[in-house]
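Thanks for coming. I have one structure to go through today, and I will take it from the overall fold down to a few single residues.

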Amino acid sequence: MRTLLLMLTMLASFATVGCDRSTALAGLSEQQFVSTMASLRRIERDATLDTAAKRIARRDVLQERDLNAEALESAARALATDPVRANEIWARIDSLATQDTASTEGLEELQTGQ
């Protein structure tokens, strides 16, 4: 999964082809992509989890959202075609991933703005 995250970051950061901002992220909403990636980044950064626990946590995040790594990769490729939008979205992912929330419910409240 770490390789996937690095690849997604590279795709979003280094793309040079432009496209229409209204283009969907390969079937994912922008919010779903941001929310999922922020959750995955939090798991990666969690020093209290060992490798097996991180793998299970990542799997759970994807299953809860009815997603898989391929869907995220496709969304990242779509995002990579618009570097300005990619930077905005990655800033949102970083912000959400680094916020100190006490629970998944707190994370969901931040995502929905409630």
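**Notes on the fold and a few residues**

I start with one arginine: R41 counts as buried, because its relative accessibility is 18% and the cut-off for buried is under 20%. Please keep in mind throughout that this is a predicted model. R41 sits in helix 2. What is R41 in contact with, leaving aside neighbours within four places in sequence? The list is W90, I93, D94 and A97. Two of those names, W90 and I93, will come back.

Now the overall picture. The protein has six helices and zero strands, so read from the N terminus the order of elements is simply α-α-α-α-α-α. There are 114 residues, and 38% of them count as buried. Take the contacts between residues at least 6 apart in sequence: 80% of these join residues at least 24 apart.

The largest nonpolar core has 23 residues, and the members touching the most other members are L25, F33, L72 and I93. Which elements give two or more residues to this core? They are helix 2, helix 3, helix 4 and helix 5.

Not counting residues up to four places away in sequence, F33 touches L25, L28, L72, A75, A76, L79, I89, W90 and I93. The contact with W90 takes us to the aromatic rings. How many aromatic pairs does a search of the whole structure find? It finds one. The pair is F33 with W90, and it is edge-to-face because the planes are at 85 degrees, with the ring centres 6.2 Å apart; the cut-off for edge-to-face is over 60 degrees. F33 is in helix 2 and W90 is in helix 5, residues 83-98, so the pair links parts of the chain that are 57 residues apart. Both F33 and W90 are buried.

On to helix 4, residues 69-80. This helix has twelve residues and reaches 16 Å from its first C-alpha to its last, close to the 16 Å expected at 1.5 Å a residue. Its buried residues are L72, A75, A76, A78, L79 and A80. As a reminder, an α-helix has 3.6 residues a turn, so residues three or four places apart point the same way. The N-terminal end of helix 4 is capped by N68, with a side-chain oxygen 3.1 Å from the backbone nitrogen of E70.

Last, two loop residues. D66 is in the loop between helix 3 and helix 4. D66 has a positive phi of about 55 degrees although it is not a glycine. Is D66 buried or exposed? D66 counts as exposed, because its relative accessibility is 72% and the cut-off is over 50%.

The other is L49, in the loop between helix 2 (30-45) and helix 3 (51-64). L49 is partly exposed, with a relative accessible area of 27%. Not counting residues up to four places away in sequence, L49 touches I43 and K54.

That is what I had. I am happy to go back to any of these residues on the screen.

Notes:
Residues are numbered from 1 along each chain as its sequence is written. This is a predicted model: local features need pLDDT of at least 70, side-chain atom pairs count only at pLDDT 80 or more; totals for chains, interfaces and linings use all residues. Side-chain values use heavy atoms; hydrogens and water are left out. Helices (H or I, at least four residues) and strands (E, at least two) are DSSP runs, numbered from the N terminus. Buried means under 20% relative accessible area, exposed over 50%, partly exposed in between (1.4 Å probe, protein chains only). Contact means heavy atoms within 4.5 Å. The expected span of a helix is 1.5 Å times one less than its number of residues. A polar contact is a pair of N or O atoms within 3.5 Å; within protein, one must be able to donate a hydrogen and the other to accept it, and residues adjacent in sequence count only if both atoms are side-chain atoms. Rings of Phe, Tyr and Trp (its six-membered ring) pair if their centres lie within 6.5 Å; planes under 30 degrees apart count as stacked, over 60 as edge-to-face and the rest as tilted. A nonpolar core is a set of buried Ala, Val, Leu, Ile, Met, Phe, Trp, Tyr and Cys residues joined through side-chain atoms within 4.5 Å.
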